[in-house]
Amino acid sequence: MESLIQIINKLQDVFAVIGEHKIDLPQIVVVGSQSSGKSSVLESLVGRSFLPRGTGIVTRAPLILQMIRYSNTDLEDMIKLTNKHNIKCWASFLHKPGTVYDNFDEVRYEIENRTDVLAGANKGITHDPIVLKVFTLSYDLTFVDLPGITKVPVGDQPEDIDEQIQDLILKYVQQPNSIILAVVTANTDPSTSESLKIARKMDPEGARTIAVVTKLDLIDKGTIQDTTELLCGHKIPVKLGIIGVVNRSQKDINDNKSMKETLKSEKDFLRMNYPDIYKKHGNKVLAKRLQDILVKHIKKTYPILHKNLQDTKIRLENELKTIQTPDSKVSFILSLLKNINKSYCDTILGNRTDVSDKIIMGGARISQIINEEYLEKVNKIDPLFDLTDEQIGIILLNTAGITNSSFVNEKALENMVCRQLNNLIEPSMSSVEFVRVEMLKIFDSIDENLLETLKRFPRINSDVRNVLHKMLDEKLTDLKEFIKSYIETHQTCLNTTNPNFLFQLVRSSTEMQDSNITAFMSNTNKTKVAGNDGDEEEDEKQLKIQHFKQMLSGLNDLDGTIETSKQVKIHKCLTQCYFDFIREIIRDFVPKRIHHKMVKLVLNDFEHELDEKVFSSYVINQSFNEVLIEEEGIVEDRERVEQMLFAVNKALKNMLEIQCFT
């Protein structure tokens with residue numbers, strides 16, 4: 001049982017050395033207000049007076065106190081270091097290996113000095129722990145002693161000292177594997193206890209909280225019954241128990257009253273004042289209870305702790321891969337560039353194994369821009385935007401000049417169609433821009449490890465991104481010019497005899513089908529098309545096409561018999577139908593062109609461009625050492641990860657010893 005706690009002590013030692021970490025160790029965290037008797041409880045358990053005392057905040061750094069029931073081997077090691085054979089209890093600090101303290105006043109001084117080193121001498125606090133090992137014949141126990149809870153800064157303490165202390169305490173007690181030892185004074189109302197407030201916040205069910213009631217000897221004799229109810233668990237809802245203790249008073253400390261005498265006085269006091277329950281309270285009972293709780297908790301949390309360590313090991317190993325020093329600089333860069341190209345292409349083509357279920361990204365986002373957002377924008381364009389009947393009439397008159405206009409004025413129609421098709425250019429150009437921007441964004445969503453590696457080497461990162469930027473800029477310019485030219489071709493070269501356009505006219509339910517125009521067509525030619533016997537619907541369709549051909553060719557003499565307003569209507573309808581006809585062509589062409597001339601070409605050429613513009617350049621200029629200069633701070637990060645990985649591996653090795661106890 002004893003060695004089980006000592007194994008956890010080893011884990012504490014390992015992670016205390018590296019400072020900040022996210023490993024949730026099973027440990028007892030001591031929480032209490034200033035002057036609650038927190039230090040006295042710990043000293044009574046250890047059996048020595050060794051903690052700093054005074055006014056204000058005395059504990060300013062987490063103190064990991066490991067009580068170790070020493071073995072013969074431990075004793076022999078101590079004798080070798082000190083050459084003293086009569087020492088029964090001694091201490092050592094993790095930050096001063098090889099130094100043995102048998103005078104516990106010196107332990108107190110060292111705690112004070114180390115605190116000043118870590119937290120400064122201005123009464124501030126630190127999260128860096130001090131690890132103190134006390135070798136004794138009493139118990140195997142481990143505690144984390146934290147600064148006392150305070151509300152008001154004293155002297156040169158920071159104004160937010162209360163918040164700093166709260167943050168430090170919460171850092172430890174919020175960990176699911178920690179046992180909360182809440183110190184409560186008997187002469188105050190438990191409902192106002194700051195330590196219990198924190199415990200209830202982090203452990204609402206009280207499943208991992210034990211309460212210690214101090215200063216039983218300072219309460220009024222008339223309140224003993226109330227205190228009895230408190231000690232019996234009727235006022236504090238904690239599941240690990242409530243234990244009352246009587247520690248040394250300030251007078252006892254001044255008089256150098258021994259711990260042995262203190263324990264005897266405590267036992268006598270409890271027997272006299274709490275005869276029915278005294279056997280369940282006192283420092284000895286507390287030590288035994290804490291030891292049992294900690295052992296059970298270690299066994300219970302072992303699987304979770306072991307999995308946490310395994311997961312952390314895998315994470316650190318992967319992280320180290322991205323920041324390790326390459327053995328071969330040439331092969332490292334060549335492999336990096338190939339992997340970048342592959343990850344970029346896989347992201348666009350949808351071949352990534354780590355598919356996101358949160359956002360649309362990569363090629364899917366490009367497809368969304370091209371096939372949804374662009375088409376939606378184009379479909380919303382009004383074919384007659386900013387083209388009123390009055391404007392159409394003026395265009396008809398101006399394009400006719402000094403001659404009378406035929407029923408269909410082709411110059412006017414060409415003018416209006418060209419004008420309206422301009423509205424297709426801007427959204428088509430914008431869609432190319434949006435795809436370019438998205439393809440740049442996609443680079444930032446490639447494999448995270450590759451991005452971390454690029455971040456590590458700023459020169460390579462810049463060179464690779466510049467290649468992609470240049471490729472996309474070149475494709476952007478060429479593609480925009482081609483699409484604009486393609487639309488302009490339809491603006492200047494109208495083909496009103498195109499069968500698809502004529503069928504669109506037939507299908508339209510516009511003014512082209514009004515009664516006046518229909519009457520005109522029925523009076524001009526009622527002859528059915530030969531070869532379609534019995535198919536009146538098809539005959540009618542072909543007849544209408546012939547009529548439209550006549551009208552659009554100007555082979556009619558109706559301009560004197562149909563009102564000008566009808567001529568405006570027919571040009572308005574022709575403009576709309578021709579716009580719809582060309583829009584259908586453009587909205588099919590632009591997405592295909594973007595895919596073919598931007599997306600596909602970049603994917604096909606990216607690897608070649610990286611090889612030619614980046615790798616070959618490094619080879620020619622022999623600049624591998626230069627480009628592999630790491631970003632500032634990477635060396636420190638690598639050392640941190642290596643140190644943490646070493647600690648985790650060492651911890652996992654120690655964890656093997658726990659298996660035989662679980």
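This is a predicted model: local features need pLDDT of at least 70, side-chain atom pairs count only at pLDDT 80 or more; totals for chains, interfaces and linings use all residues.
Residues are numbered from 1 along each chain as its sequence is written, and side-chain values use heavy atoms, with hydrogens and water left out.

**Entry: overall make-up**

I found 23 helices and eight strands in the protein chain; these are DSSP runs, numbered from the N terminus (helices H or I, at least four residues; strands E, at least two). Of its 662 residues, 49% count as buried. Buried means under 20% relative accessible area, exposed over 50%, and partly exposed in between, with a 1.4 Å probe and protein chains only.

**Entry: H12 against H15**

I looked up helix H12 (residues 363–379) and helix H15 (residues 425–443), whose axes come within 10 Å and cross at roughly 165 degrees. Here axes are lines fitted to C-alpha atoms, for helices over the stretch in contact, and angles run from 0 to 180 degrees between N-to-C directions. The crossing angle makes H12 roughly antiparallel to H15. For the angle classes, under 35 degrees is roughly parallel, over 145 roughly antiparallel, 65 to 115 roughly perpendicular, and the rest oblique.

On the H12 side I listed residues including Ile-366, Ile-369 and Tyr-374, and on the H15 side residues including Phe-434, Glu-438 and Met-439. By class, this contact of H12 with H15 has ten nonpolar, three polar and three charged residues. Nonpolar covers Ala, Val, Leu, Ile, Met, Phe, Trp, Tyr, Cys and Pro, charged covers Asp, Glu, Lys and Arg, and the others, Gly among them, are polar.

**Entry: H11 against H17**

Next I checked H11 and H17, whose axes come within 12 Å and cross at roughly 40 degrees. That makes H11 oblique to H17. The contact joins Ile-333, Leu-336, Leu-337, Ile-340 and Tyr-344 of H11 to Ile-460, Val-464 and Leu-468 of H17. I sorted the residues of the contact of H11 with H17 into eight nonpolar, no polar and no charged.

**Entry: the cores**

A nonpolar core is a set of buried Ala, Val, Leu, Ile, Met, Phe, Trp, Tyr and Cys residues joined through side-chain atoms within 4.5 Å. The largest has 65 residues, and Ile-333, Tyr-344, Met-439, Phe-443, Ile-460 and Phe-606 touch the most other members. H21 gives the most to this core, with 20 residues. Leaving aside neighbours within four places in sequence, I see Met-439 in contact with residues including Tyr-344, Ile-366, Leu-468 and Met-598. Apart from this core lies another, of 60 residues, among them Tyr-101, Leu-181, Tyr-302 and Ala-647.

**Entry: two single residues**

Phe-624 is found in helix H22 and counts as buried at 10% relative accessibility.

I then turned to His-281, in the loop between helix H9 (259–273) and helix H10 (283–323). His-281 is buried, with a relative accessible area of 7%. Leaving aside neighbours within four places in sequence, His-281 is in contact with Leu-231, Ile-242, Ile-243, Gly-244 and Leu-270.

Note on methods
Contact means heavy atoms within 4.5 Å.
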